[in-house]
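Work each one yourself before reading the solution.

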Amino acid sequence: IFVKLQAGPVQETLASLEDVYAKVVPHRPFEYEFLDQQYEALYTSEQRLSFLFTAFATLAMIIACLGLFGLVSFSAAQKTKEIGIIKAIGASNTQVLIIFLIQSGVIGMIGGAMGLGIVLGGMKVLDPIVVTELGKAGFETTKFFTFDPKIAMYIVLASILVGIIAG
């Protein structure tokens, strides 16, 4: 039974509810829970899971940044020879910069396209599973993941930008 209480003395209201309940259902003990406490209990595990995902995502980003720093350091050492050869051929500083920025942008574009392909494939594989699980939970939907070409374009552009900055 759900009962909505008015603002005021909760203990007195609960005592009067217990009296009425004892008259109506004398063979059952009076037990009560507040709805806000039930909702809080439901979302506690999700909040913990969200914190864990955030913590591991942050750790993964830190590790990725360390790997990127190592890659950039190694790449700079390798490119020193390359820059020397290009300059010996007669290229200006601007031309050398343009060559390396184009190379980095292309690598970023390839990485973004590959990542986008992996995400789209994952969406196609996971969509039926998520829809089935949501159906079991009482939600009616035919599709969970949606694809927006505009977002895909932003992802590829952002990966090109990251490639240029990292290069």
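**Exercise 1: the fold**

From the N terminus on, the elements of the chain run α-α-α-α. This is a predicted model, in which local features need pLDDT of at least 70, side-chain atom pairs count only at pLDDT 80 or more, and totals for chains, interfaces and linings use all residues. Residues are numbered from 1 along each chain as its sequence is written, and side-chain values use heavy atoms, with hydrogens and water left out.

Task: find how many helices and strands the chain has.

Solution: The secondary structure comes to 4 helices and 0 strands. Helices (H or I, at least four residues) and strands (E, at least two) are DSSP runs, numbered from the N terminus.

**Exercise 2: the overall dimensions**

Solution: Next, take the C-alpha trace, which spans about 100 × 35 × 25 Å along its principal axes.

**Exercise 3: Ile63**

Task: decide whether Ile63 is buried or exposed.

Solution: First locate Ile63, which lies in helix H2 (residues 35–89). Then apply the cut-offs: buried means under 20% relative accessible area, exposed over 50%, partly exposed in between (1.4 Å probe, protein chains only). Ile63 counts as exposed because its relative accessibility is 51%.
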